[in-house]
2 protein chains.
Amino acid sequence: MNIQEFVGQSIGTWKSQRSAHHLAFGHFEAINSLIEIAEIALDDPALLALCELHNTDPSSIVAPFRMTWEGETDWDDDQKVKGTCVLAPVPASVKHGKLLRDQGYAEEMPAIGEYFFTDDDTFVLNTPYDRAAAEEKIWFVDSNVRCRVSLIKTSAGSGVVTASFSSEIRQT
Amino acid sequence: MNIQEFVGQSIGTWKSQRSAHHLAFGHFEAINSLIEIAEIALDDPALLALCELHNTDPSSIVAPFRMTWEGETDWDDDQKVKGTCVLAPVPASVKHGKLLRDQGYAEEMPAIGEYFFTDDDTFVLNTPYDRAAAEEKIWFVDSNVRCRVSLIKTSAGSGVVTASFSSEIRQT
């Protein structure tokens, strides 16, 4: 697996069932959402803006994409689970590189993560934020089922605050 | 990571928060349990019985252990989430081997799984059963936090029926 293949397999619309475990107080949160992952062009203005934000040469980007999600959580009926972000891989080798994004997962700010692929084709992404760090693992069970585990840790990286798991079924 | 280290890190009592996603109908199940993982001796009668059951030479076993769990699910108030089983690794190399058990995860029957470790120290276990197959991934975030993803597939291995995720916090 390389980043082009991984993004290529991810393109589409996914029905996501996500459970978040808030570890300190043992709470289970259930989130249902629809996720759309779409290729974007290498000259897309949003991508060029992202490159400028991160001071990155656009020619170093491979397989950029946009993720858009919308859903609902049982945590808070008024909470909107909705967003969109542009993601741009910058491979350093076949198996690892950086991932730029214009909206973070742990915090709503631009972020740069480091990714690599394990020998069983799991995509592992570590992203430091100001007050937290995120560790994500994403893998395909088959071409229509994707699993994702996301851990939010304190910024020192010592304690896991939230562990969440998504099972994602391809719709298109 | 090898199997001795993996079992060694697992010994203890763990508070487990588990979410099961029943994919066909989008149901979320929440399970709270306490899991105890304890070493057993190489001459433990339960281990010798397991070896006999699977026609395996006891001298090929490394780091056998007993798992005991007790908890509750929000799926069915009357359902007892409780059990115990003996597990016996039979390494074929440092990174892979077989795992014998006297009670299965997908079905309550003896089972033999095949395990391996990825290059980021995730323990991956594939276990075929009569009517289903289970794929499990277990990894340590640190010495006190363990994650486990379990997929139950149809026996043909084609469809994922249940995807579940446990976050486990060491108590002792």
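Reader: What makes S3(A) and strand S4 of chain A a pair, and in which sense do they pair?

Author: Two strands pair if DSSP finds at least two bridges between them. S3(A) and strand S4 (residues 81-91) of chain A have 7 bridges, in the antiparallel sense, so they meet the definition. In S4(A), A:Cys85 is the bridge partner of A:Met67. Strands here are DSSP runs of E with at least two residues, helices are runs of H or I with at least four residues, and both are numbered from the N terminus.

This is a predicted model, in which local features need pLDDT of at least 70 and side-chain atom pairs count only at pLDDT 80 or more, while totals for chains, interfaces and linings use all residues. Residues are numbered from 1 along each chain as its sequence is written, chains are lettered from A and ligands numbered from 1 in the order in which they are written, and side-chain values use heavy atoms, with hydrogens and water left out.

Reader: Which strands close into a barrel in chain A, and in what order?

Author: The barrel of chain A has 10 strands in the order S1-S2-S3-S4-S5-S6-S7-S8-S9-S10, and their pairing is antiparallel. On average, neighbouring strands of this sheet are turned by 25 degrees against each other, direction ignored.

Reader: What is the angle between H2(A) and S4(A), and how is an angle defined?

Author: H2(A) runs at about 65 degrees to S4(A) and lies across S3, S4 and strand S5 (96-101) of chain A. Axes are lines fitted to C-alpha atoms, for helices over the stretch in contact, and angles run from 0 to 180 degrees between N-to-C directions. Helix H1 (residues 3-10) of chain A runs at about 75 degrees to S8(A).

Reader: Which residues does A:Thr56 contact, beyond its neighbours within four places in sequence?

Author: They are A:Cys51, A:Ile61, A:Val90 and A:Leu100, where contact means heavy atoms within 4.5 Å. A:Thr56 sits in the loop between helix H2 (45-53) and strand S3 (65-73) of chain A. A polar atom of its side chain lies 3.0 Å from the backbone oxygen of A:His54.

Reader: What makes strands S5 and S6 of chain B a pair?

Author: Strand S5 (residues 96-101) and strand S6 (residues 111-117) of chain B run antiparallel and are joined by 6 bridges.

Reader: Why is the meeting of B:Asp120 and A:Lys137 called a salt bridge?

Author: A salt bridge needs a side-chain nitrogen of Lys or Arg within 4 Å of a carboxyl oxygen of Asp or Glu. The side chains of B:Asp120 and A:Lys137 meet at 2.8 Å, N to O, so the name applies. The count between chain B and chain A is 2 salt bridges.

Definitions and conventions. A polar contact is a pair of N or O atoms within 3.5 Å; within protein, one must be able to donate a hydrogen and the other to accept it, and residues adjacent in sequence count only if both atoms are side-chain atoms.
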